[in-house]
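Subject: Handover of a structure

Dear colleague,

Please find below the sequence and the structure that I am handing over to you. A short account of the findings follows.

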Amino acid sequence: IRCWSNIPFITMPLSRAHGKSFAHRGELKHAKRIVVKLGSAVVTRGDECGLALGRLASIVEQVSMLQNQGREMMIVTSGAVAFGKQRLRHEILLSQSVRQALHSGQSQLKDMAIPVLEARACAAAGQSGLMALYEAMFTQYSICAAQILVTNLDFHDEQKRRNLNGTLHELLRMNIVPIINTNDAVVPPPEPNSDLQGVNVISVKDNDSLAARLAVEMKTDLLIVLSDVEGLFDSPPGSDDAKLIDIFYPGDQQSVTFGTKSRVGMGGMEAKVKAALWALQGGTSVVIANGTHPKISGHVITDIVEGKKVGTFFSEVKPAGPTVEQQGEMARAGGRTLAALQPEQRAEIIYRLADLLTDQREEILLANKKDLEEAENKGRLALPLLKRLTLSTSKLNSLAIGLRQIAASSQDSVGRVIRRTRIAKDLELEQVTVPIGVLLVIFESRPDCLPQVSALAIASGNGLLLKGGKEAAHSNQILHQLTQEALSIHGIKDAVQLVNTREEVEDLCRLDKLIDLIIPRGSSQLVKDIQKAAKGIPVMGHSEGICHVYVDVDASVEKVTRIIRDSKCEYPAACNALETLLIHRDLLRTPLFDQIIDMLRIEQVKIHAGPKFASYLTFSPSEVKSLRTEYGDLECCIEVVDSVQEAVEHIHKYGSSHTDVIITENDKTAEFFLQHVDSACVFWNASTRFSDGYRFGLGAEVGISTSRIHARGPVGIEGLLTTKWLLRGDSHVVSDFSEHGSMKYLHESLPLPQRNTS
């Protein structure tokens with residue numbers, strides 16, 4: 001039991017002590033008491049006469065959902081004037097039409113001018129209808145709403161303030177959503193120069209200031225201000241260079257140029273910012289966002305509370321480093337400088353990074369040891385992930401060798417001419433390779449991924465944003481420092497950025513103006529989540545690595561166990577490890593089949609029986625739950641097929657188009673398999689584990705792609721390049737090539753310049 005103004009009420013404990021606003025978006029999910037301010041542009045229709053009913057219904061649904069989660073929701077709403085305007089216009093038109101018909105005696109009416117309607121009269125006519133609408137909508141979610149009308153004078157009178165607080169707390173205690181609005185029917189004009197005189201004073205001259213005043217008075221955790229723009233921009237929205245400000249800090253006002261106010265309502269963006277900063281100073285977090293956009297208005301409030309990157313978040317805690325947007329811009333600028341270097345200079349950077357991996361071995365392994373100890377103490381990583389997290393001297397040596405391969409093979413990557421055409425006399429066209437732009441690589445528990453991907457980005461002239469898992473934070477930090485040290489020999493250390501802010505992966509995937517390609521490296525769930533979250537940005541990768549080995553009836557006894565053991569047991573957590581073993585039916589109950597089973601048992605591989613395999617056995621292993629399973633451990637499925645054709649059909653139905661293998665001595669059967677299996681990598685008598693950029697001679701890979709456009713299979717330097725067209729002419733114009741023009745198209749293929757194969 002607590003008391004406010006001598007009125008007792010019961011309240012659920014807040015998730016935090018009030019007095020300090022949230023420092024990061026991720027903390028907003030802990031907000032208990034929330035004020036949602038609906039601007040006039042959000043509530044009203046485009047014609048400013050009447051309400052946007054669909055939008056309002058969506059907002060009520062979101063508020064109801066948060067209320068039913070146990071939060072305390074309050075709404076500060078506009079809309080009474082617009083609703084009243086609609087009603088009064090209707091009445092005036094009806095009245096005028098009747099009078100005019102009686103006066104003229106004609107059924108045809110002349111054009112009627114609608115007089116300017118006084119706002120206070122509109123508010124008086126619209127307030128009851130607006131509240132009735134809210135009540136009807138909230139009733140659909142079994143929630144009661146209550147109306148409170150206030151004026152600026154109510155906050156200057158101490159007794160009225162106490163009464164208002166008591167009323168609001170009592171309503172919240174009873175799980176009622178208060179709907180608050182300025183009493184525009186009687187509100188006096190705002191007093192000049194009385195706004196924002198201190199933390200305890202704010203003039204209630206519009207609903208922005210009302211919402212801020214109310215949020216502070218009620219010790220609210222979060223104030224959400226919905227308007228008709230995405231948030232706060234550094235210059236008026238719509239101007240060429242306007243950029244949305246993700247996080248706004250007190251003192252940043254000088255960097256912002258305010259435009260005009262919205263089409264309706266009392267306050268513009270400047271008023272919203274002043275009110276937001278005042279609320280922030282009073283201990284309430286603030287987000288200004290768009291409540292009118294049809295694609296996001298249906299979930300904008302819940303997205304904000306979940307901590308997603310929506311609108312502008314006001315924070316008093318300024319991060320030590322750059323924002324992710326600034327990092328993206330630095331990566332793009334650095335990437336362009338990198339692409340302009342000579343190939344030998346890019347190779348020099350990569351050679352230097354390879355040397356640093358071996359020279360700074362002790363420091364790297366010490367940082368990795370910290371990560372391993374923290375992971376083991378917290379017990380949050382499974383054994384396969386711990387193996388991926390672990391670095392060793394041999395791993396670092398292999399990394400260095402791979403990086404030197406990349407450096408050696410990168411001499412002729414950027415700017416290579418792949419097509420030359422003589423369009424006409426003195427008009428020549430070239431297609432040349434260029435970097436994609438800025439890559440975002442997201443990886444889990446794989447610190448060795450950082451130098452590999454960095455080297456490939458450097459070789460291909462791309463800017464790079466890296467987002468590693470927190471379980472490898474220490475390892476990633478030192479590896480990134482070494483990468484920047486290598487880049488510094490040519491003054492472009494900003495080309496590779498490590499994102500250390502509290503950005504959620506889903507938020508990063510929305511930065512379509514900064515990022516050109518996303519490459520996920522991690523679990524199948526991570527890849528699926530990124531593919532789902534990425535809006536407008538291509539994603540390169542594979543969601544699953546369900547790799548098959550088919551043992552044909554003509555398979556060699558000596559080769560079978562070697563290939564299966566290596567494919568499954570060499571590194572079972574890898575995406576190119578064997579997951580399903582297909583056996584030709586004629587091999588059942590043969591010595592070869594017994595050898596396979598014995599080998600798997602010795603290696604402690606848990607076997608799951610496919611439906612057909614289980615039907616042949618009296619006592620079978622546990623039947624597989626799904627033939628589309630990526631185990632990522634010492635487990636695999638065994639299934640029986642009648643022929644190579646059935647093996648191919650099984651792979652197409654249950655595989656992930658990653659890597660599939662046939663073991664056979666029959667050339668014809670092998671070629672059928674190689675030509676008909678539609679996967680990124682298809683092998684004959686070789687382990688699935690060869691599906692790797694380093695083993696392919698690419699030096700390293702950013703990942704393995706199972707998509708069918710751009711790059712497929714292990715993706716090295718070539719997969720990180722695109723092309724552009726260069727046309728060199730001499731006063732050529734298209735009209736010269738018309739039917740009666742003076743020139744003719746030749747379209748002759750020209751020889752390519754000799755490649756540097758050294």
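Helix H10 (residues 324-340) lies across E13, E14 and E15 and runs at about 140° to E14. Here, helices (H or I, at least four residues) and strands (E, at least two) are DSSP runs, numbered from the N terminus. Axes are lines fitted to C-alpha atoms, for helices over the stretch in contact, and angles run from 0 to 180 degrees between N-to-C directions. Helix H16 (residues 473-487) also packs on the sheet; H16 touches E13, E14 and E15, and its direction makes about 160° with that of E15. Contact means heavy atoms within 4.5 Å.

Please note that this is a predicted model, in which local features need pLDDT of at least 70 and side-chain atom pairs count only at pLDDT 80 or more, while totals for chains, interfaces and linings use all residues. Residues are numbered from 1 along each chain as its sequence is written, and side-chain values use heavy atoms, with hydrogens and water left out.

The sheet itself is open, and its 4 strands follow the order E15-E14-E13-E16 with parallel pairing. Two strands pair if DSSP finds at least two bridges between them. At the edges stand strand E15 (496-498) and strand E16 (517-521), each with a single partner strand, so one side of each has no neighbour in the sheet. From one strand to the next, the twist averages 20°. Strand E13 (residues 438-443) pairs with strand E14 (residues 463-468) in the parallel sense over 6 bridges, and Leu440 stands opposite Leu465 in E14.

I turn now to the aromatic rings. The structure holds 5 aromatic pairs. Rings of Phe, Tyr and Trp (its six-membered ring) pair if their centres lie within 6.5 Å; planes under 30 degrees apart count as stacked, over 60 as edge-to-face and the rest as tilted. One of the pairs joins Phe593 and Phe613, with centres 5.9 Å apart and planes at 70°, so this pair is edge-to-face. Phe593 is in helix H20 (residues 591-602) and Phe613 in helix H21 (residues 611-615), 20 residues apart, and the pair links distant parts of the chain. Phe593 counts as buried at 9% relative accessibility, and Phe613 counts as buried at 3%. Buried means under 20% relative accessible area, exposed over 50%, and partly exposed in between (1.4 Å probe, protein chains only).

The rings of Phe683 and Phe696 have centres 6.4 Å apart and planes at 65°, so this pair is edge-to-face. Phe683 is buried at 13% relative accessibility, whereas Phe696 is partly exposed at 39%.

Yours sincerely
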